[in-house]
Amino acid sequence: MKNNKVFINASWIIGCKIAQSGLALLLNALTARYFGPSNFGLINYAASLVTFITPIMTLGTSETLVNEIIKNPDREGTILGTAMTMTFLSSLVCITGLSAFVRFVNPGDPVTIRVVSLYSLLLIAQSFEQIQYWFHAKYLSKLVAVVWFFAYLAVSIYKIVLLAYQKSIYWFAIANSLDYLLIAIGLLVIYKKKRGQRLAFSVSAARSLWSRSRYYILAGLMGEVIIQSDRFMLRHMCGDAEVGFYSAALSISCMTGFVFSAIITAFRPAILESKKQSNLKFERSMAQLYGIIIYLAVAQSIMFTIVAKPVVRIMYGQDYMSAVPILQIVVWYTIFSYIGGIRAIWTLAENKQRYIWGVTFAGMMFNVLLNWMLIPKLQGIGAAVATLATQVFTNLILVYLLKPLRENITYMRKGMNLRNLFTLSR
């Protein structure tokens, strides 16, 4: 029964995301062509800064809420209400801090300051989107997927209208805020119709959430340094155009990421519940998830390496052909990135959050050093090499070297055994 729920939830998420991905590819290509590499790079620069600060805004709750709801079903309304209140207040602080930071590092550049400030408004909407974790915990991810799709469809129409009327970059900077706002409203309405518990704030619940989620704040922030530092350093070392090429390559490499995200999201509650029932079930579920994700990710990387040139030309046009060699390198990082996402489930289930910051800190320093060494010489290609090497170092080498985490290597090995892969769930 549980396996059926996992499959149904994953199917709904993947189905809706396929439709959403089609829209995203079209809009991304049209927007990139409309703005050109420089302005397209500026929008992605703003996105990277906002994404970088998101772990601070969420206070680590996005990593722990599903587990908290599963463990405390009688207090789920208080847990959700407390998490949303905490993240809303945090979003206001983050927006203020980000605006001050951008003014400091981009003095005399009003366009960049305005674009980043407008883009950062999505943090407020994201704070209310925390309600989605209740649906994931209840195996109702299909409802989240449907709301995501219709919200994205509405915002896509809005963006097409902006393109048709040739609106400025400022209009596009605020578009993502509308996306998250519609998702939050839709999920809150459905939550009420499903007769979810009344949302409330509790100081004791805030303390409890903080005690478990605080490990993820610094780790998440350092993780975003790993993910976003390449674009930040490219922008300041090489200019907006190089950010545009790199962002185009990164967008293509992650265009099927919704499939992997859907599978991991669907497996998460089942794996966390299996830990409470039996270590054997838990180990089998972990190995199975590793196997599925690794084989799919390798297949994706091989495909994009082969067809990189025609894909870039079709999606972004001749002006973006410098993104081809970048794509052929950076696409391989996704394998190890998804492995890290699976390990995060294991870390939570085994209550080993204390190891997160150390692994992430080592990865962050490794990444910044490689970017600093390679970007001046190789530009976007250097950033791609640094990203791939960092993911291998963080999610494979360090996990093997650290004994408390080495168990994950065993799960990977078992999952990659095809004979085991199809029998682990029995």
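Predicted model: local features only at pLDDT ≥ 70, side-chain atom pairs only at ≥ 80, totals over all residues.
Local features need pLDDT of at least 70, side-chain atom pairs count only at pLDDT 80 or more, and totals for chains, interfaces and linings use all residues. Residues are numbered from 1 along each chain as its sequence is written, and side-chain values use heavy atoms, with hydrogens and water left out.

**Exercise 1. Describe how helix 3 and helix 4 pack.**

Step 1. Locate the elements. Helix 3 spans residues 76-105 and helix 4 spans residues 110-119. Helices are DSSP runs (H or I, at least four residues), numbered from the N terminus.

Step 2. Take the geometry. The two axes come within 9 Å and cross at roughly 165 degrees. Axes are lines fitted to C-alpha atoms over the stretch in contact, and angles run from 0 to 180 degrees between N-to-C directions.

Step 3. Classify the angle. Helix 3 and helix 4 are therefore roughly antiparallel. The classes are roughly parallel under 35 degrees, roughly antiparallel over 145, roughly perpendicular from 65 to 115, and oblique for the rest.

Step 4. List the contact (heavy atoms within 4.5 Å). Helix 3 supplies Leu 98, Ser 99, Val 102 and Arg 103; helix 4 supplies Thr 112, Ile 113, Val 116 and Ser 117.

Step 5. Sort by class. The contact of helix 3 with helix 4 has 4 nonpolar, 3 polar and 1 charged residues. Here Ala, Val, Leu, Ile, Met, Phe, Trp, Tyr, Cys and Pro count as nonpolar, Asp, Glu, Lys and Arg as charged, and the others, Gly among them, as polar.

**Exercise 2. Describe how helix 15 and helix 18 pack.**

Step 1. Helix 15 (residues 323-330) and helix 18 (residues 380-401) pack at about 5 degrees, with axes 9 Å apart. That makes helix 15 roughly parallel to helix 18.

Step 2. From helix 15 come Pro 325, Ile 326, Ile 329 and Val 330. They meet Gly 380, Ile 381, Ala 384, Val 385, Thr 387 and Leu 388 in helix 18.

Step 3. The contact of helix 15 with helix 18 divides into 8 nonpolar, 2 polar and no charged residues.

**Exercise 3. Which residues of the largest nonpolar core touch the most other members?**

Step 1. A nonpolar core is a set of buried Ala, Val, Leu, Ile, Met, Phe, Trp, Tyr and Cys residues joined through side-chain atoms within 4.5 Å.

Step 2. Read off the residues. Phe 135, Met 286, Leu 289 and Ile 293 touch the most other members of this 59-residue core. Helix 16 (residues 333-349) gives the most to this core, with 9 residues.

Step 3. Zoom in on one. Leaving out residues up to four places away in sequence, Met 286 touches Ile 271, Ile 342, Trp 346, Asn 408 and Tyr 411.

**Exercise 4. Is Ser 177 buried or exposed? Then treat Ile 190 likewise.**

Step 1. Set the cut-offs. Buried means under 20% relative accessible area, exposed over 50%, and partly exposed in between (1.4 Å probe, protein chains only).

Step 2. Ser 177 is found in helix 9. At 9% relative accessibility, Ser 177 is buried. Beyond four places in sequence, Ser 177 touches Leu 118, Tyr 119, Leu 121, Leu 122 and Ala 125.

Step 3. Ile 190 lies in helix 9 (residues 175-193). Its relative accessible area is 22%, so Ile 190 is partly exposed.

Step 4. Beyond four places in sequence, Ile 190 is in contact with Phe 135, Leu 143 and Val 147. Ile 190 and Leu 143 are 47 residues apart in sequence and 8.4 Å apart in space, C-alpha to C-alpha.

Note on methods. Helix = DSSP H or I, 4+ residues; strand = E, 2+ residues; numbered from the N terminus.
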